[in-house]
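Thanks for asking me to look this one over. Here are my notes on the aromatic side chains.

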Amino acid sequence: MTPRNRLDRLVGHLQADPRFIRNVTAWRTLPSRQAYVADWPRALNARLLGAAERLGIAHPYTHQVAAIESALRGANAVIATGTASGKTLGYVLPVLNTLLQDPNATALLLYPTKALAHDQISALERWIGELKAPIALRPYDGDTPQRQRAAIRKEARILVTNPDMLHLGILPHHTQWMRFFQGLRYVVLDELHTYRGVFGSHVANVLRRLQRVAGFYGAAPQCLAASATIANPQSLAEQLWEAPVSAIDVDGAAYGTRHVLFYNPPLIDPALGLRASAYGEALSLAERLLEAEVQTIIFARSRLSVELLLRELRARAQALGLDPATVQGYRGGYLPQERRVIELGLRNGSVRTVVATNALELGIDIGALDASILVGYPGTLAATRQQMGRAGRRAGTSLSVLVATPSPLDQYLVSHPEYFFGRSPEEARINADGLSLLVSHLTCAAFELPFQHGERFGRHVEVDDLLEAMAAEGLLHRSRKQYSWVGESYPAQMVSLRTATAETIVVRSAEAGVIGTVDRPSAPLLVHEGAVYLHGGVPYLIESLDWDHGIALARAVDLDYYTVASMITKVERREVRRRVPGGEAYTRGLALSDEAVVVHARPTAYRRVHLHTRETLGWGEIRLPEQQMETEAFRLTLGPSVVDALAGEGTMLAPLDYGPEWPEIRGKILDRDGHQCRLCGERAAPDHPLEVHHLTPLRAFLARYTRPVARRLAHAPENLLSLCPVCHRQVERARGARTALSGLAYLLQQLAPVFLMCDPGDLGTSVEARDRESGQPVIIVYDGVPGGVGLTPRLVDLWPKLAEAAWERVTQCPCREGCPSCVGPTGESDPGAKQAAIHLLEVLLLGVQ
C-alpha cells in the first residue's frame, strides 16, 4: 500500500470514528491544484538551462520565473509564496548566472539558523556540480574550524552564513574580506519572515553595517529575499534593506489535497471546565499514524513538551512492536551532528515520527512528510500555516491537525475557525531605531569604520547628536569631525542578536561530556540546581549550575518526574509616553497608558511533577541573580469608583483591609514562629521579609460574616503562620485563588496575541493590586523583548476589542467557577472568581454597576 493510500484510509477511519469526530470543530479539505509553469527567461546562461534539465526541472513555476526576471533586471526582490513552492530557485539562479558571467562577483547568502544554512548548501552543491563551474561555495559559521577560515576568506565566491556570524565574525574583520566585499553583487535573505521582533530589529542594523562596509569597498549589492506567507513581505524587506523591493507573491506551485482539522479535546468535567489533555490526545493520534505507517511531524511549544512527548511515544512504539529509534526528537540544544542524523532519517524514511519545536518550522529539507500535528496554537497564523505546510510538501494527500490546549487563545481559535481560514496572516514588525539597539550597533559600526560628521546610519537615520552623546560618555573618541571606537576589544562581542546576552550555558555530564546548550535567559528555568533536564528522552539531574562560568553539571538518572520552574516579575515605570486623555474610558473608571518600563525577573522555585499523573510531588528553591530588561508596556489602571462599586458587591480587586490591629497581630505571629519560615526554616532577611499567611483567607470569611467577625476569625493564631516569600508563593499557587483582577489579567495575556498578531511568548504580564504611584489596581502587559518592538502600546487603541473578546470567552466557557480556558484554575478557597471577572468586564464595557 502506498503512503497516499495509507493516509487516505486513515482519514476515512477518522471521519467514521464518533469519538474523534465529535471533538473536531473544523474540518476543511483544501483541494489539489495544478502547477502554473512558464518558459525559462532568455537572459539566463545556457549552462544553467542545461543543468536544470539534468536536475529534472523542465519548466519552472511562474513565480520562479518572475523572481529570476526581476533579479536579472537589477531590482531588489522578495518571493513570498507557500511552503515548499520552490522559492530557493528564484534567487539561486540569478546568483549563479551573475557568477558565471563575472569571475570577480561574489554573493552572501544569509539564513537565520546554522542548520538551515547547512541544509541549503547541499542544494547549491548539486547545481554547481551540474554546471562543472569553479564557483567556490563555502559555509562560514561558528562551527567552521579555525584552520579553514583563512582559505575561505581567500576563495569564497558564495558565502553561506547567518546574521550572527556576519555580525560577530565578518564585519568586525572586514579588512580580511576585502576581495569578497569588492565583488559583492548579491545579499540573499532567506526565511525573511523570521526577521521580526528583537531579532529582526538587530538584523536590520547588521544590514546597515553590511551596506556601509560594502560601500567602503565600492560595492552596492542587490537584495534578494524569500519569505513564508505574511501580510507584509514587501514592507518588511524594505525596512530591513532600506530600499525599494519588488514582491512576487502569486504562487504557481502545485499542491496536493490537504485535510486541515481543528480538534478540541473532550470535556471531562464541564463544571470545572476541564478537558482531556491536549498532549494525551495528540499522543493517541500520533500512535494511530505511527501504526498506519504514516510519516508524521509533531510540533510542541516547548523543549520540555518535546521531550515528554518523545519519551511517551517511544514507549508506545515499543508496545506496538516497532523500533523506538524510528521516533526522534528535534529542538534547539541538540548538537549539530545529532540534528544532521535526524534530518537524514526523515529524508530516507528510517525516522517515521519526529517531535519538534519550531526549529523544524523553517525550510530544512526533511522530505515528503504525510501528516503534521500541532499541539497548541503556535501563536501566529503565519507560523501555523508554516508548520502545517511541513506535511504534503510534495503532491499527494496530507493531514494537518491542530490540537487545542486549554488556553483561552487556543479555545478562542477553535471556537472561531474563520479567524484562521478567513483572515490574512499577520504582519512581521521590527523597530530598528530603538535607542538601545542603535547605540549597540553604532559602537559596532564605529569599530568597523570611523563615523564622519554628518554621515547617516543606513539610508535615513541621522546620528550626529547620538554620536556626540556617546563620545561624551566615553564610548567613542571624537577627533575633529570623526568618531572612532576607543575600546580594547571589539564591541560586537557584547551584542547578541537574539537575547539580552550572547552567552549560553553548556550542559555537561561526567559520562557523556557535552550534552547540549541552553541560552542564558532560559537557563534559570531549565538548568537550575535540582532541575530535570531532558535530552533525547533521557532525563538528567542538574547537580550544579555555575552561573558565572556558564556550566551546568548533570547526571543521567532514572526518574519518574520532571521539573517546572517559575519566576516572579515586577514592572517599574520609567516614562508615561501616552495616556488616554479623558473621554469615555475615564467615565467608566478606567485609564490606559503606553509606558517605557523596566521588568525585574527573578526565578523563585520549581515543582517536581509526576510524569504520568501530573501530580506535584514537591517543591525546591532556586537561588539565581535577578535579570532586568528595559521594554515598553500597556498599563490598565482601575479607578476608585470601579474598585469601590465592585467591592461593595463582594468582588475584591484591591488588597484586603486587614484592619488597624493587623500590624500588632502580625508581629505577634512572627515572634511566635521565631521569625523563621514554618515550612522550610529560612530566617527573615532584609531583602526577603517573611509573610504572615492566612490558612483560610479573610475573603472566605467576609463572604459569610460581617467585617468585624470575619477579621476576628481570620486573624485567629491557629489560622496564621509565618512563611518565607518562596513558600508563600508556593502555597498561594497551590491554592490557585484568583481575584477578578488576576482572572482578567490571565484572559488579557492569553487573548492579546489575537489582536496584536504576535506570538504569546512575545508578551509578559504583571498584576499589581496597589500601584506604587496611583495606589489603584493595575494590569500591565509588556513586550517580552529588550527595547520592545511596539506591540503592547497598540493595546491602548485595541482595548475595546480585546475586552469584548475576553467577555465573550469567559461567558461562553462551560465551567462554573473558572478553569484554564477562561480565568485560570480556581481553588476551593476562592469561590466566585469567574463571576467576579465577568462582572468586572461588564462594568468596564457597559458601565453596569
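The points below cover ring pairs, a cluster and charges over rings.

1. A word on the basis: this is a predicted model, in which local features need pLDDT of at least 70, side-chain atom pairs count only at pLDDT 80 or more, and totals for chains, interfaces and linings use all residues. Residues are numbered from 1 along each chain as its sequence is written, and side-chain values use heavy atoms, with hydrogens and water left out.

2. Searching the whole structure gives 13 aromatic pairs (Phe, Tyr or six-membered Trp rings with centres within 6.5 Å; planes under 30 degrees apart are stacked, over 60 edge-to-face, the rest tilted). One of them joins Trp 177 and Phe 180 edge-to-face, at 6.0 Å centre to centre and 75° between the planes. Trp 177 is buried at 0% relative accessible area, and Phe 180 is buried at 2% (buried is under 20%, exposed over 50%, partly exposed in between; 1.4 Å probe, protein chains only).

3. Phe 447 and Tyr 490 make a tilted pair, 5.9 Å centre to centre with 35° between the planes. Phe 447 belongs to helix α18 (residues 435–448) and Tyr 490 to the loop between β21 (482–485) and β22 (504–509), so the pair ties together parts 43 residues apart in sequence (helices, H or I of at least four residues, and strands, E of at least two, are DSSP runs numbered from the N terminus). Phe 447 is partly exposed at 29%, while Tyr 490 is buried at 19%.

4. Trp 177 and Phe 180 also belong to one aromatic cluster with Tyr 140, Phe 181, Phe 216 and Tyr 217. Over the ring of Tyr 140 sits the charged end of Arg 149, 5.4 Å from the ring centre (NZ of Lys or CZ of Arg within 6 Å of the centre and within 35 degrees of the ring normal).
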